[in-house]
Each structure stands twice: as structure tokens, then as C-alpha cells.
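Please consult the sequence and the structure shown here alongside the text.

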Amino acid sequence: MVTLILSLVMIINILLSAVFLFFERRDIGYTWAWLMIFYFIPILGFIVYLFLGRNLKKKNFYGLSAEERNSLKLIVENQLVTLKEQRKENNPLLMKYADLIQLNLTSSNAILTNDNEIFIFDDGQEKFDSLFADIKEAKKEINIQYYIIQPDSLGKKLRDELTIKAKEGVKVRVLYDEIGSKKLSLKFFRELISAGGEVEVFFPSLIRPLNFRMNNRNHRKLCIIDGEIAYIGGFNLGNEYLGMDKKFGYWRDTHFKMHGDAVNHIQGRFILDWKHASKSDQVSYEQFSFNTARLDGSSPVQIVSSGPNSQVEHLKNMYIKLIVNAKKSVYIQTPYFIPDGTFMDACKIALLSGVDLRIMIPNKPDHPFVYWATWAYAGELLDYGAKILLYDNGFLHAKTIVVDEEVASVGTMNIDSRSFRLNFEVNAIVYDERVAKQLQELFHQDSQLSTELTSDRYRNRSLIIKFKEGISRLLSPIL
């Protein structure tokens, strides 16, 4: 009887594995990781897959009308024509990166805007002081989206300030991710909702903690005020991002504050996520504030999004294009470095071509498996000449890349399979030497607070560390 049951389980498991192989078109590493789970944890592994591994509906995920889709298509086509004309104008940097601009435009509908002014925050206290000051001055509308909102003193301050503005008649909308904000519930916003504010949850579960979309997290962090100011970057909202968590200590992150036409495109990104979360066909762009005045900023910007609703990994492709086109230097800051094969190949090609590739990662783990997988991949690049820096002054959470001191990107994408294909992410890419040099200077300042991972230190690591790296690397495609 036992033999019969085991045989039946094995047959079911083989059939389920075959279905996964032939009907799910996935990266080979991702496929192998799941097949190993199916093999070693029969039946239960497939139940885990239902929660963590299923593909997302991709066709018209945001429920855009035919008119909206045609309008967006026309805007993209018009800008493609404009880009060809700009190549004839006296803008060397845009001419140099015309192919990258076109990639982002055709791949992610990322419209190029030219009149932006950018402020860089690398400290949580400064970022949130600025955000709360702008919230106090809001006249018409506040749209806020965070992966994590903690119900701590900072979260309560945000809620209370938004409640005050809602009572003043300002339109307030808050969107958060249920998995990221696992300590949060709509009860936390009861007074804000009573005051007229709106709060939505991205991919809510019918019954907590059972969430069939727990592996597809909305990792974006956006705030748009009166259609004129936008915040985008790596900071979530909670006391730990002010450096108040003893486990992590100082929290090093990077965030942009923007004025200019790029704000409208960040607003557009928010609207799409809000439209999906609210499950309303009545949400329209006309209900939101947009800036119509052309400003005097001089930073060209594209807002590039990526997510599991697309077959194309837009942000990963943008990074790869940046790396393989680099002539002098690539500086990367990331809390997790668990790239796939194509990303690793891009790094190796750049290094073999003589490019100065530097990667800064934290010297303390927030997720042990992820930490050791990061060591394994970063260590592999040492033999190719990469400089790996371990940030010692707290926890490094910044997601930045600076290439040739000319172009830079800041946003929410980590360098791992989760950000590449599972999460909803957004980055701003800036074609401005001034901004790029500022970010590179921040990298150099952080280097003074870091330890270099040398080839000797990596080769002489203990067998226990090597074992942890091996297991973590094997599971990295689905971590």
C-alpha cells in the first residue's frame, strides 16, 4: 500500500513537473530551481509553487482602454521621430546615448523629458524632512506609494500629516504592498479614510497570510505632490530608514526629488498601479494633477518601469546596455548582487575590455541566503578585475549605477532575479554629467567607509562559507 502511494505521488509529481517545463517559458536557472523543489518536496513543492511561482497575466495587465493604448503608442512613435531629429542638434550626451534612450522608449514606453531639476538625498532624515515639508505645502493632491510602510512613529507621522491635508480638502491617495507592509492594515488609516483620503493595497490576500501573489511584490517607492514634485528611489517608510534600528544601524540609501516633466511620467506610473489596485474602471488621468508649465531644469530623464506583467525585463536590459557600452567606468551600489547569466556576462565583457567596474554591497546581511549568494557572485568577478567593496557604516540599501561619469540611474531595482522578473520596479535614468558626478562622489565617500574584498580573502574563506554560498546560489533564482 505504501509503495502504491509513493508511486502515485511520484507519477503526479512527474506530471506536474512536465506541465511546468512545457507550459512555463522561464529562465533556465529559475526552471532548474523549481524542478529541484518538485523533486525533493513532492506535491508540497507544487503547492509552494502556486503561492510563489505562477506567471502573471501579461496582456493589458492594467486594463487600459483601446483609446489609452493608442494614445500611448502615438506618443512613443512621435518621440522616436523627435529622437532622430535631436541627433542633429548640439546635444552630445543625448546623441551618444541615443540607442539607450530608444531601447527604454520602445521597450518600456519611457518618454524622454529634458527640463528636469534633480536633488539627491543619501540620508533618511534629510529625505523625510523634505518630504514632510512638501506635504505640508500641498494645495491640491498627494499620491504616495511605498513597498513598506511601517506602523511606527514615522508611519504614524505620515498618516497624521496626510489626515490633516485631507481635512483641508487636499486629495490624498496611499498605495502600499501587502507583503512588504505586513505589519500594516487598513485600520491604521481609519482616520485618514474618514477624512476623505483613499487607501489601496496592491495584491491583497483574501485571508491573511494566504496570498497567491506573495512572490509578485510592488517594490516601487513614489510620492507625487500637486503634480509638480516627485520623489523616487530606494527609501521605504519606517524608523529603520532613519537609522533607528539597532540591528542595521545607519541606513545608507539614495533617493531623487524631481521638478519638471518627468514628474508627469512618475505620476502616470502611480496612476497605473492605483488603477489596478482600486479595481475601478472609472479611474482616469483627468482625475489627477499634472504640471503643464515648462520648467528651467536641464537634466534629461527617462522613467523606466519593469514588472512580471511583461515578458521583457526592461530594467535589467537597461543596466546591461549601460555596462556593455561603458568606455571608462561602471560604479554600482546594491544591497543584493545575485545576477543571472546575461548580467554576469555583461560585467565580464566590460572588465575584459578594461572598464573600471566597482560594486559596493553591504557588509552585513538582512537575509542570510541572499547575503551569501551575493558573496558568491561578487567573488566570481574578482578574477576578472572587479573591485568589490563591503560597506561597513551600517546597511547599504542604495540602488544606483553610474557610467563614465555621464549617465546614472537611481530607483528601486536590486540586482537579483526577484527585481529582474518578479517585482514591480521603477528607476529614473538621468543623462546629466552633473548628477552622475554627484552620485560618483557619493560612491567615493562611501568607499572610505568600506572594506575591499580582495581575491586572497575570498579564496581563503572557510568551507562553511563556501557551503552557504553554494546552497544560496542554487536557490538564488527563486529567492
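Arginine 252 is buried, at 2% relative accessible area (buried means under 20%, exposed over 50%, and partly exposed in between, with a 1.4 Å probe and protein chains only). The model is predicted, so local features need pLDDT of at least 70 and side-chain atom pairs count only at pLDDT 80 or more, while totals for chains, interfaces and linings use all residues. Residues are numbered from 1 along each chain as its sequence is written, and side-chain values use heavy atoms, with hydrogens and water left out.

**Salt bridge between aspartate 446 and arginine 252**
- Arginine 252 forms a salt bridge with aspartate 446 at 2.9 Å, N to O (a salt bridge is a side-chain nitrogen of Lys or Arg within 4 Å of a carboxyl oxygen of Asp or Glu).
- Because aspartate 446 lies in helix H15 (residues 433–447) and arginine 252 in strand E7 (residues 251–259), the pair ties together parts 194 residues apart in sequence (helices, H or I of at least four residues, and strands, E of at least two, are DSSP runs numbered from the N terminus).
- Aspartate 446 is likewise buried, at 6% relative accessibility.

**Salt bridge between lysine 96 and glutamate 406**
- The side chains of lysine 96 and glutamate 406 meet in a salt bridge of 2.8 Å, N to O.
- This pair links distant parts of the chain, 310 residues apart: lysine 96 is in helix H5 (residues 92–96), and glutamate 406 is in the loop between strands E14 (400–403) and E15 (407–411).
- Lysine 96 is partly exposed at 43%, whereas glutamate 406 is buried at 14%.

**Overall count**
- The salt-bridge rule gives a count of 19.
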